[in-house]
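Dear colleague,

Please find below the structure that I am handing over to you. My notes on what was found in it follow directly after.

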Amino acid sequence: MSWFDKLPVVGRKLPKGVEAWVECRSCKEQIYQIDLMDNLRVCPKCDYHFRMTYSDRIQLLINPGTFEELDGNLTSGDPIRFKDKKRYKDRIKTLLKQRNSSDSVISGTGMLGDHPLELCVFDFEFLGGSMGSVVGEKLTRAIERAETNRSALVIVSCSGGARMQEGILSLMQMAKTSAALKSLSDARVPYISVLTDPTMGGVSASFAMLGDAILAEPGALIGFAGPRVIEQTIKQTLPEGFQRSEFLLEHGLIDQVVHRKDLKQRIADLLSLYKNIPIVPPRN
């Protein structure tokens, strides 16, 4: 497409610091950022799903004006005084100044279609969406609210795994969240887990794979250790598409692969089925 074909939309403003063009990691086509945003950050050429910001994800799933963030005052400490090239507490201070989120998960309540729910969405730009003590606490509080209010729970995972800067305390969040989900399951309150690219490590080994329904976006990387680590460990070439959502669906590890544009309606339909109420067709 030539440059003058873009003139009708040139006047629209991009967020500060965002490049006007981006290369698709799959088909290598150059995509105009505004076209990408208008298409839910899905490549219009090959359907490759780019990562979404947590705010865009909330906007995608929750009815306008109904989301209320909760536990946004919780921030990470420095329990083991971790330091590599920079002190952990200094990294947290920098991120808190740069971002609107207090940690790598944002939790709150809202309406998805006709369904009230507790929603937790990961922010990959906050230390790779890693799970530390604050993430485990936020998730557990959301699970407990869902059980108390008997409202559905939806967790959208986008994480590299447990947060090494908090050591064993980060790994303890796996057991903490899993125990809370067992109580939610006993109360027969539905939990839908949405896996996006990537969902790895201790996140995939705990709450992300414990949903009553486990949905994944197309092409999402899902697993525990990364494919390169596995290849180097077992000294074998992995199958094509190993650890991608389509491979996991084929092998029975997840329930559905859902295109981003269909995700909200699919979750609404599943919640209607769990509640034994008629499915409401999409509104035109």
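The largest cavity has a volume of about 120 Å³, where a volume is the space filled by probe spheres set on grid points joined across faces, edges and corners. A cavity here is a set of points, on a 1 Å grid over the protein atoms alone, where a 1.4 Å probe fits but cannot get out, and lining residues have an atom within 4 Å of a point. The count comes to one cavity of 30 Å³ or more. Its lining consists of 18 residues, and R51, M52, R57, C158 and T196 lie nearest the centre. Two or more lining residues come from each of α2, β5, β6 and β7; helices (H or I, at least four residues) and strands (E, at least two) are DSSP runs, numbered from the N terminus. By class, this lining has 10 nonpolar, three polar and five charged residues. Ala, Val, Leu, Ile, Met, Phe, Trp, Tyr, Cys and Pro count as nonpolar, Asp, Glu, Lys and Arg as charged, and the others, Gly among them, as polar.

Please note that this is a predicted model, in which local features need pLDDT of at least 70 and side-chain atom pairs count only at pLDDT 80 or more, while totals for chains, interfaces and linings use all residues. Residues are numbered from 1 along each chain as its sequence is written, and side-chain values use heavy atoms, with hydrogens and water left out.

The largest pocket (an open set of points with protein on both sides within 12 Å along at least five of seven lines) holds about 620 Å³ of space. It is lined by 19 residues, of which R51, M52, T53, R99 and E125 are the closest to its centre. Both α1 (33-38) and α2 supply at least two residues of the lining, and α2 gives the most, with three. The pocket lining divides into seven nonpolar, six polar and six charged residues.

Helix α9 spans residues 263-274, and its 12 residues reach 17 Å from the first C-alpha to the last, close to the 16 Å expected at 1.5 Å a residue; the expected span is 1.5 Å times one less than the number of residues. Within α9, L263, I267, A268, D269, L270, L271 and S272 are buried, that is, under 20% relative accessible area with a 1.4 Å probe and protein chains only, whereas exposed means over 50% and partly exposed lies in between. The cover over these buried residues includes α2 (54-61), β4 (105-112), β5 (115-122), β6 (152-159), β7 (191-199) and β8 (213-216).

N276 lies in the segment after α9 and has a positive phi of about 60 degrees although it is not a glycine. N276 counts as exposed because its relative accessibility is 71%. K28, in the loop between β1 (21-23) and β2 (30-32), is also not a glycine and has a positive phi of about 70 degrees.

In strand β7 one finds P198, and the peptide bond from D197 to P198 is cis, with omega near -5 degrees.

Finally, D103 is placed in the loop between α3 (88-98) and β4. D103 counts as buried because its relative accessibility is 1%. Its side chain makes a polar contact of 2.5 Å with the side chain of S76. A polar contact is a pair of N or O atoms within 3.5 Å; within protein, one must be able to donate a hydrogen and the other to accept it, and residues adjacent in sequence count only if both atoms are side-chain atoms. Not counting residues up to four places away in sequence, D103 touches S76, D123, F126, V134, V135, K138 and R163, with contact meaning heavy atoms within 4.5 Å.

With kind regards
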